[in-house]
Amino acid sequence: MNWLIGWAIALAGLALYTHLGTVRMEQRFPPAGDFVLIDGLRMHFLDAGSGPPIVLIHGASTSLLDFHASIFEPLSRTHRVIAIDRPGHGYSERPPGPWPDPAAQARLIRQLLRARGVERPLLVGHSWSGSVVLAYLLAYPQEAIGGVLLAGGSHPWEGGVSWHASLAGVPLLGPVFARALVIPFGGLTVDTAVRGVFAPNPVPGGYRSRTGVDLTLRPRVFLANAEDHRLLSNFLASQSQHYGRIELPLLLITGDADRIVPAWNHAERLGREAPDVELVVLEDTGHALHHTHP
């Protein structure tokens, strides 16, 4: 009995540490943009510049700050640029109930764009959000001018996902893990994970502080991110059957050293299936190409 009491006290202490850590993170990295209510959800976005609209949709384990720290400002000199926190990420709320797959996320993003008066944008998705751009073009082909995938995911893969994403999906145990252990111990692994995303390129100075990547460790975001990781491959097994219907132009930019979303399984396959594709391969470049080659 004493050991049960000891475990309960330890978990309570870790949960309190997580709560305080979450508060500190959100004080250090407050919302950078504005909010709009979409289907009862608060969606967070940045909107700047004027001209033809470009929509930036961030990948996994990050937020719109990833674009804010890279290509948002340069693009806003000549275009209207809208960067969006995907549902459950950054400061955007996640709908309750079933997983909001890329098609559901594309629907919410479409509603946000309509609420902001954005018509026929160019959609840009990094990594995980390649799936969202493709879902958008499949569902609303008359409401965009094309898509750009930056190391974008498009097809299913073998090998599963990381152990922590799998653990987060275990009933009861997953939420306890997210609310008690991720912030106390996950912060120790962020730098290593970031180096893996950039490899073989060096990580730019101040990347972690400029992108607020630690916000992903907050429990609700960690669980949303893990769910996105676990379920994407099966979703893409179905969505990828329809890429031949995408008649809008696609620009696929990928790094030849990307081991996270390798071109052979994504960009190259998509290039053979969609009718209007241009593929650009950057030499000696990893997964974070919008930072290393802005």
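**Helix packing and pockets in the predicted model**

Helix α4 (residues 102-115) packs against helix α5 (residues 130-139) at an angle of about 70 degrees, and their axes lie 8 Å apart. That makes α4 roughly perpendicular to α5 (65 to 115 degrees on the scale used). From α4, the contact (heavy atoms within 4.5 Å) is made by P102, A103, Q105, A106, I109, R110 and L113, and from α5 by S131, V132, A135 and Y136. By class, 8 of these residues are nonpolar, 2 polar and 1 charged.

This is a predicted model, in which local features need pLDDT of at least 70 and side-chain atom pairs count only at pLDDT 80 or more, while totals for chains, interfaces and linings use all residues. Residues are numbered from 1 along each chain as its sequence is written, and side-chain values use heavy atoms, with hydrogens and water left out.

A pocket here is an open set of points on a 1 Å grid where a 1.4 Å probe fits, with protein on both sides within 12 Å along at least five of seven lines, and lining residues have an atom within 4 Å of a point. Of its 48 lining residues, S61, H164, A193, N225 and H229 are the closest to the centre. Helix α11 gives the most to this lining, with 6 residues. The lining of the largest pocket divides into 25 nonpolar, 19 polar and 4 charged residues.

The second largest pocket has a volume of about 250 Å³. Its lining has 16 residues, and those closest to the centre are I71, L75, L150, I253 and P294. Of the lining residues of this second largest pocket, 14 are nonpolar, 2 polar and none charged.

Key
Axes fitted to C-alpha atoms, helices over the stretch in contact; angles between N-to-C directions. Helix = DSSP H or I, 4+ residues; strand = E, 2+ residues; numbered from the N terminus. Parallel < 35°, antiparallel > 145°, perpendicular 65-115°, else oblique. Nonpolar A, V, L, I, M, F, W, Y, C, P; charged D, E, K, R; others polar. Points joined across faces, edges and corners; volume = space filled by probe spheres on them.
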